[in-house]
Amino acid sequence: INDMKLRTSYGTSGNSEIGDFRSLGTYGFTSYHGNAAIYPLRMANPNLTWEKNKVFNAGIDSRVYNRFTLTAEYFYRITSDLLLDVPLSSTTGFLMVTRNVGSMVNKGWEFTLSSDNLKGEITWTTSFNFTLIKNKILTLYEGQDIIDETYGVQIRRVGEDFNSYYLRRWAGVNPADGSAMWYDKNGNVVYDYTKADKQVVGSATPKCYGGLTNTFGWNNLELSFLFVFMYGNKIYDFWSGYTESDGRYLAYNQSAEQLNYWEKPGDVVPVPKPVYGNPSNSSVGSTRYLHDGSYVRLRNLSLGYRLPKSLMDKLQMASAKIYFSGQNLLTFTRYRGHDVERGSNGINDMSYPNVRTLTVGLETSF
């Protein structure tokens, strides 16, 4: 053991990302019988304040055989006074108000292992980082569930992950008549959407994530690549309800998946029979559009060559490097949407995907 350090820390911080004018009573503009009008838009909450974080960390940093560096860290963070939109009775004239309600915990482990695999004329270094994380809501206002109002597919519930999905479970297509099927809370198949019970069916929070970097060097040539990964998270395709609507939304271009629809008794297919206007609710929120978001992606690949010093002296230059770089070159995933990388809420709402970029360049200094 060449070096070893133990460390720990505790601190508090705040999150001021409340949003514009959330504490104020605001008005909106509209028209009323052809005349300009204003109306109450948001209820005031003068007591609104920051979220509060209390963070504890404990870790170990070590170097072994003068070749391997290991960092292991445990983290535990309590967030209180959560900024959430709390539903209101419609008799108030408002649907919701932003309040400081509840608390949650984020805890887990972070590991980083770096190694000098080869030294000398040929060099090779590796760095691997890995994070395990678990999130749980501890308290909410009067213990009441809060449904996310933006998309209506997630729930804030005591004991569950903050980004838990709350959906009816899709049971597929009835081979006999091509109708849609769901499960109720007891696991029974039902053919009426309203009789299927909403359930917590996974979370957008990954169980683990990390990355692996390798760097090789030989003479003036250097090659490096970075793989990143995520495992255990779910993605909800919000727009699939429009592009895979089984005949309900004809104004939208439909996914090629719709071609694999039910046609005759005995067909075992993923898409119900298409019906003009489709009153069956087969395209309304359910686990039909909830997908595994796990992936491995080649985030970066770079190859560079530094011109020899003898040539630099002749050109009266300090240095010059020719390089190639590629971003997002390969992705391995079962997710079939535009891009498997989503925001923290895990919802795909036609957001622009990460682009694949190829770059060739020359760096010089004099």
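1. Glutamine 258 is buried, at a relative accessible area of 12%; buried here means under 20% relative accessible area, exposed means over 50%, and partly exposed lies in between (1.4 Å probe, protein chains only). This glutamine sits in the loop between α1 (240-243) and β19 (290-292). Helices (H or I, at least four residues) and strands (E, at least two) are DSSP runs, numbered from the N terminus. Not counting residues up to four places away in sequence, glutamine 258 touches Thr243, Glu244, Ser245, Asp246, Gly247, Val271 and Arg288, where contact means heavy atoms within 4.5 Å.

2. A word on where this comes from: the model is predicted, with local features needing pLDDT of at least 70 and side-chain atom pairs counting only at pLDDT 80 or more, while totals for chains, interfaces and linings use all residues. Residues are numbered from 1 along each chain as its sequence is written, and side-chain values use heavy atoms, with hydrogens and water left out.

3. Now for the whole chain, which has two helices and 23 strands. The radius of gyration is 27 Å, whereas a compact globule of 366 residues would be near 21 Å; the radius is taken over C-alpha atoms, and the globule rule is 2.2 Å times the number of residues to the power 0.38. Along its principal axes, the C-alpha trace spans about 80 × 60 × 50 Å. Of the 366 residues, 35% are buried. Among contacts with a separation of 6 or more, 63% join residues 24 or more positions apart.

4. The 37 positive and 34 negative charges have mean positions 3 Å apart. Lys and Arg count as positive and Asp and Glu as negative, with His and the chain ends not counted; each charge is placed at NZ of Lys, CZ of Arg, CG of Asp or CD of Glu.

5. Strands β2 (residues 26-32) and β3 (residues 35-42) pair in the antiparallel sense over seven bridges; two strands pair if DSSP finds at least two bridges between them. Phenylalanine 29 has isoleucine 38 in β3 as its bridge partner. Two residues lie between the strands, and histidine 33 in the turn has a positive phi of about 55°.

6. There is also an open sheet of three strands, in the order β19-β18-β22, with mixed pairing. Its edge strands are β19 and β22 (347-348), each pairing on one side only. Strand β18 (residues 234-237) pairs with β19 in the antiparallel sense over three bridges, and tyrosine 236 has leucine 290 in β19 as its bridge partner.

7. Serine 114 belongs to strand β8 (residues 103-118) and counts as partly exposed, at 25% relative accessibility. Serine 127 is 13 residues away along the chain, yet the two C-alpha atoms are separated by 4.2 Å. Leaving aside neighbours within four places in sequence, serine 114 contacts Arg67, Phe68, Thr69, Thr126 and Ser127.

8. Last, please look at glutamate 160, in the loop between β11 (154-156) and β12 (164-173). This residue is partly exposed, with a relative accessible area of 27%. Beyond neighbours within four places in sequence, glutamate 160 contacts Asn135, Lys136, Ile137 and Val200.
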